[in-house]
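Please go through the surface contacts and the open space of this protein with me, in questions and answers that state their cut-offs.

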Amino acid sequence: MVGNGKLLQHTKDMAKELGVDQNIKFEGYQRDLVHYYQQSKILLMPSRSEGLPTAMLEAMSCGCVPVMSNVGNIKEAAIHNFNAKVIDRYDDVLGFTENIRDLLVDEPKEKVRCQIKTGD
């Protein structure tokens, strides 16, 4: 997880409380995210509000599948089951979980990209 937002400590505390803190590497603020995008299968952004996020576009250009809430101008670039997973509500935890699980089920990154682009 990259970033130093105001919820960072809360997120770390929650990860520890849930017993998943050993599965998450908190990287802090990073200027160059290309390396992280290239190593990742998904970009998760359950935002309450956005315009057209640069992070989403950067991640997509590196082959990362964005899993986003349907806010702002997201749908100008992110098309559900084509190049992204777009969840109607930012607080739909089950919707995010199911879509993330479907993308991460032990598939190599290249297979994930293929599935999402063809809509399978």
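Q: Is D91 buried, partly exposed or exposed?
A: This is a predicted model, in which local features need pLDDT of at least 70 and side-chain atom pairs count only at pLDDT 80 or more, while totals for chains, interfaces and linings use all residues. Residues are numbered from 1 along each chain as its sequence is written, and side-chain values use heavy atoms, with hydrogens and water left out. Buried means under 20% relative accessible area and exposed over 50%, with partly exposed in between (1.4 Å probe, protein chains only). Because its relative accessibility is 41%, D91 counts as partly exposed.

Q: Which residue forms a salt bridge with D91?
A: A salt bridge requires a side-chain nitrogen of Lys or Arg within 4 Å of a carboxyl oxygen of Asp or Glu. For D91 the closest N and O atoms are 3.2 Å apart, and the partner, at 49% relative accessibility, is partly exposed. That partner is R89.

Q: How many salt bridges does a search of the whole structure find?
A: One of them joins K25 to E27, with the closest N and O atoms 3.3 Å apart; here K25 is exposed at 60% relative accessible area, whereas E27 is partly exposed at 25%. Another links R101 with D102 at 3.5 Å between the closest N and O atoms. The search of the whole structure finds 3 salt bridges.

Q: What is the volume of the largest pocket?
A: On a 1 Å grid over the protein atoms alone, a pocket is an open set of points with protein on both sides within 12 Å along at least five of seven lines, and lining residues have an atom within 4 Å of a point. The volume is the space filled by probe spheres set on the points. For the largest pocket this is about 2100 Å³.

Q: Which residues lining the largest pocket are closest to its centre?
A: By class, the lining has 24 nonpolar, 11 polar and 8 charged residues. Of these 43 lining residues, the closest to the centre are M1, T11, L44, M45 and P46.

Methods. 1 Å grid on protein atoms, 1.4 Å probe; cavity = no way out; pocket = protein on both sides within 12 Å on 5 of 7 lines; lining within 4 Å. Nonpolar A, V, L, I, M, F, W, Y, C, P; charged D, E, K, R; others polar.
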